[in-house]
Amino acid sequence: MGCGVTKTSEFNRRYDKDGNAIPAAITIKAAVLIQRWYRQYAARMEMRRRYTWNIFQSMEYADLQDQIKLYNFLGYLMDNFTRSSSERKLISHIFRENEVCRDAEWERYFSYTNIDVPDIYCGPRLTFPLDMDQVADLVEAFKNKQQLHSRYVLQLLLETWKLLRVLPNINRVSTCHSKEITICGDLHGQLEDLLLIFYKNGMPSLEKPYVFNGDFVDRGKDSMEILLILFAFLLVYPGNVYLNRGNHEDHIINLRYGFTKEVLSKYKLHGKRILKLLQKIFSWLPLVTVIDQRVLIVHGGVSDTTDLALIARVDRHRYVSALRPPKKKTPSRINVYANSELYHEMINCKNTTGSLTFPKPFGARESFQRRSLQDFSSTMARALEGEFEVRRRQAEFSLSSFSKSHNILSTTLSPDSEPDSSQFTDTSNDEWKQILDLLWSDPMSQDGCIPNEVRGGGCYWGPDVTEDFLNRHNLQLIIRSHECKQDGYEFCHNRKVLTLFSASNYYEVGSNRGAFIRLGPDLVPYFVQYRATSMTRGLSFPQNVKRTEHTALKALRELLFVHKSDLLSAFQEIDKENTGLICLNDWGGAIERVLHLDLPWQVLHPQIVSSTKDGKLNYQGWFHDLALKKPRSEHIEQTMLETLYRHRSTLETIFRIVDTDNSGFITFEDFRQTLKLLSAYLKMEISDEVINELVISTDTNNDGSIDIDEFMEAFRLVDKSRLERGKSLLKLKQDCQSLPLETETPQTADSTAPQMSQCLTSQTADSPASNTADNACSQTANLAASHTEDNPASQTEDLCHISVVVKPQ
Amino acid sequence: MADKYSADTIITETQKRISNAFDVFDHESNKTVDVREIGTIIRSLGCFPSEADLHDIIAELEEEEPTGFVRYEKFLPTMTKILLERKFRPITEDLLLQAFEVLDQQKKGHLEPEELTKYLTQEGEPFTQEEMDEMLSAAVDPDKNVILYKDFVSMMTFDDTR
């Protein structure tokens, strides 16, 4: 046999006497090669998966900061406007204690008996008391995307409320009878995950007790259905289903994170009452669960002052929202002047921010200043009192009991409270802080206990605090949730703290698994991990990774673009010779400084930078590529839009607060006032003209009110690649006129020419034909729009779809 | 002078890359990574070591008393050397295709999942079941239930991150 020199000559084969190929050296070599190559590929995928996860976590961190911005803004409003001013009235209603009513009156308000259920309704028709069959039907109905009629919703919620009112603060569960207890973490409105858990583990029953550890609602789209299922099971098996309150079981948080919106859109007629009832129900949810007196299950965590005995005694229903301090029935205050030492400490600590040098145990926590939820509410309370009171209270501020001062402040909320010099006692603000700690805290790896400045409430607690807490209460394990984990669960603090998270694909499809655990009498957790797969079905592992990565990068690009002005300044500072180029190292460094996001920029850069020359990047060009749209006008508008965009979630929440009747609409005047306030707070120049334009452009029904959702739609950035694929609303607007660009100075009142000529397009690439924009152009003959993309002379780099519709006189 | 500058820049850029990749796996932000992640980090930086190669590297990196963690100070010089010397070069598309062709002894133009599984989980540096499942999920044509390796190789070697 000749040996032809071919490409594959090295891969000769040998055969045994039966003619079977035996694994020759070359086969092994081939296998090794493939394995070596594939492992490299898998490692690259893993790297991408990891940094995608980092991006999501960083963005969530930044998102939480938004919450603090919100509180600060609200605090600013309360501080700077008098009680009677219209600005304050915009939002102060949300902080007013519920009108004092007896429960019977509330039951009348929540009455469902006059709600008729039409014949065509084919969803479940519940009869009370509920039984297991009905609950199973309910689950089935939701699986089939049906919606429960509001009559039954109210009825179910009322029954739930009645039951919760007799439950203790601390659920006590036992694993006797060799029962295994199933424990689930955050669900966040992801019905699929709950159904998956039931599928894998069976539904709650007498033999199968369940504990649900809070955060049932917000973010996901089926929060209502999850609540209804959980409450239904609670009603049928009150001794076998245990619910803990999470930080998202809070009506003000719900305004920001989507639950309020979901309820109002699913229940247009009765949504408001449902929300009100839920507000009460949330406040009546138990706070923690203890298993066999050995294992604590709580949503957030603990602090160095957490005391279960105290927790057991509180009137938990008085703590309606993290943002509303409680009213105390019996006023009491401390006489600080008698204790000059305290007085001096108080004076010193007033101006310091969270420092760790204060004496324990109340040290650092107590000096948690402006940015905390606790402090915010004290600020708010102060503002409500008036100047004189402020000074008096400040004088009474005690270092060793910051929380006690809350009580002092809150007493003045009740009009007939009289200050007296009674002895110092445990106050409701102490209790409130205890509850905040339970619902908001996160573990950290260092020892100690410091304020949780990321979330604005609760604390970060260390392994030493865990050790101490477990010893003091004779417990052996803390099971908590509150934080998303890639594998659904994670141990820390020497396996004494377990984080359990049950919402899979939380950030994006493929981002993480969910998990639940079973706990038998041996109290050793048995884990089950899963991932809801309806969206990932058919996607291979690499496709999964890429898809998740795409979402993360999109969010990141958005973030980069809205900080363009700051980034540009940073780049220009480095590029002193104005070459327009910057090396990657400097690029990464600048971004890190401006965005405060700790991400591996070197690893990421190929994904967000399309090309470099000699290791240098043309940063103006980069912005151009990143960008979506940019308003054609001056710098100031760019910055204003960037700012508005950056604060859009705060803005949206404020709108929803301002919308007192939860209709989804706010008046012109309120909208205008809100924008003005926000701009003053941000020290941004937003001229009246610009605000007017925004107002006009968003009132597409011309009825003097603005649809909040529609307005917020305008803030969604468009993916440039999609734009280039031609899915642009502008191209659909055949019937709109074009106006030439104008960027002159504002004209006088009697001028007919518009000051700005940009087109309102309030849609995203996802929805090619948005009603608003169509209405804007077709309904009102006077409105005209200019097509930025059609005009070759313009710089077509609009940041977002906020543009302004011209209204020629 | 220009050469030295660019040589220094290359080293700096290289080290920055290494640092970034290391940070992704540094969960406690204390400049250490779990030793089991070293392989992933090295590979993600563009190298194609075999498992045997990795064992050697890790042996070099581990402390006298293995803690299960690798410190950045130790990792950096080793990794810099690997990158600058271009050790563990990439496997070309051609070579990879040849390897698949070798396994396709009957010259069918495709491989059965069971065939490939047998080779890759029994020969060479065997895959774990998980690795095999992952590869199959990307490699198997869902309609024909075989591995069209030519297409697979083309698809996988197209690096869409660059």
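How many residue pairs are in polar contact between chain B and chain A? In this predicted model, the count is nine residue pairs, both members having pLDDT 80 or more. On the side of chain B that touches chain A, the elements giving two or more residues are α1 (2-25), α2 (38-44), α5 (93-103), α6 (113-122), α7 (129-139) and α8 (149-157) of chain B. The residues of this side comprise 21 nonpolar, 13 polar and 17 charged.

The interface brings 51 residues of chain B into contact with 43 residues of chain A. Between them the two chains bury about 4,500 Å², with 64% of it on carbon and sulfur atoms. Of the area that chain B buries against chain A, 13% is supplied by V24(B), V102(B) and M156(B), more than any other three residues. Three salt bridges are found across the interface of chain B and chain A.

Over all chains, the count comes to 29 salt bridges. One of the pairs is E60(A) with R219(A), with the closest N and O atoms 3.6 Å apart. E60(A) belongs to helix α1 (residues 25-80) of chain A and R219(A) to the loop between β3 and α7 of chain A, so this pair ties together parts that are 159 residues apart in sequence. E60(A) counts as buried because its relative accessibility is 18%, whereas R219(A), at 36%, counts as partly exposed.

A further salt bridge joins K496(A) and E467(A), the closest N and O atoms being 3.0 Å apart. K496(A) is placed in the loop between β11 (489-492) and β12 (497-500) of chain A and E467(A) in helix α18 (residues 463-473) of chain A; the pair therefore ties together parts 29 residues apart in sequence. K496(A) is partly exposed at 24% relative accessibility, and E467(A) is partly exposed at 36%. Salt bridges that share partners also join K221(A), D222(A), E225(A), E262(A) and K266(A) into one network.

The loop between β3 (210-212) and α7 (223-236) of chain A also holds D218(A). This residue is buried yet has no salt bridge, and the nearest side chain of opposite charge, that of R219(A), is 7.0 Å away. The side chain of D218(A) instead makes a polar contact with the side chain of H248(A), at 2.6 Å. Beyond its neighbours within four places in sequence, D218(A) is in contact with residues including H188(A), G189(A), S223(A), H248(A) and Y257(A).

Technical notes
Residues are numbered from 1 along each chain as its sequence is written. Chains are lettered from A and ligands numbered from 1 in the order in which they are written. This is a predicted model: local features need pLDDT of at least 70, side-chain atom pairs count only at pLDDT 80 or more; totals for chains, interfaces and linings use all residues. Side-chain values use heavy atoms; hydrogens and water are left out. Helices (H or I, at least four residues) and strands (E, at least two) are DSSP runs, numbered from the N terminus. Buried means under 20% relative accessible area, exposed over 50%, partly exposed in between (1.4 Å probe, protein chains only). Lys and Arg count as positive and Asp and Glu as negative; His and the chain ends are not counted. A salt bridge is a side-chain nitrogen of Lys or Arg within 4 Å of a carboxyl oxygen of Asp or Glu. A polar contact is a pair of N or O atoms within 3.5 Å; within protein, one must be able to donate a hydrogen and the other to accept it, and residues adjacent in sequence count only if both atoms are side-chain atoms. Contact means heavy atoms within 4.5 Å. Buried area is the accessible area (1.4 Å probe) that two parts lose on being put together, summed over both. Ala, Val, Leu, Ile, Met, Phe, Trp, Tyr, Cys and Pro count as nonpolar, Asp, Glu, Lys and Arg as charged, and the others, Gly among them, as polar.
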